[in-house]
Amino acid sequence: MMGRQNFGGFGGGANMQQLMRQAQKMQQQMQEAQEKLDAAEYEAAAGGGMVSVKVSGKREITSITIDPQVVDPDDIEMLQDLVMAAVNEALRKGEEARESAMSRMAPGMGGLF
């Protein structure tokens, strides 16, 4: 019998249209959230503020500030460690914000994005 199909328990026409509208609305909300996350900026510092890094929501470094007092030609390794620590923390903050936003949009699915 080809008449009415039961689409996995969702019923026919009106219910399927409602599900499609809900899916489109959710997709639009997720796109808007993604755009906001991409436009956001996250900042972190290391060495008591001697090194500061800003990253965009697109995971790109937008700024690195280094206090001249921390620049010691005899200890470049410490400066490298401070820069790396600040970059990693700024990236972690951005990722945490992304996961939080996505989990609010689709509870239980945050890890998929």
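Trainee: What share of the contacts in the chain with a separation of 6 or more comes from residues 24 or more positions apart?

Mentor: Contact means heavy atoms within 4.5 Å. Here, residues 24 or more positions apart supply 44% of those contacts. Keep in mind that this is a predicted model, where local features need pLDDT of at least 70, side-chain atom pairs count only at pLDDT 80 or more, and totals for chains, interfaces and linings use all residues. Residues are numbered from 1 along each chain as its sequence is written, and side-chain values use heavy atoms, with hydrogens and water left out.

Trainee: In what order do the elements run from the N terminus?

Mentor: Helices (H or I, at least four residues) and strands (E, at least two) are DSSP runs, numbered from the N terminus. In this chain the order is α-β-β-β-α.

Trainee: How are the three strands arranged in the sheet?

Mentor: Two strands pair if DSSP finds at least two bridges between them. This sheet is open and antiparallel, ordered β1-β2-β3. Its edge strands, β1 (41-46) and β3 (61-66), each pair on one side only. Six antiparallel bridges link β1 to β2 (residues 51-56), and Glu43 stands opposite Lys54 in β2.

Trainee: Which helix packs on the sheet, and what angle does its direction make with that of β1?

Mentor: Axes are lines fitted to C-alpha atoms, for helices over the stretch in contact, and angles between N-to-C directions run from 0 to 180 degrees. Helix α2 (residues 76-105) touches β1, β2 and β3, and its direction makes about 145° with that of β1.
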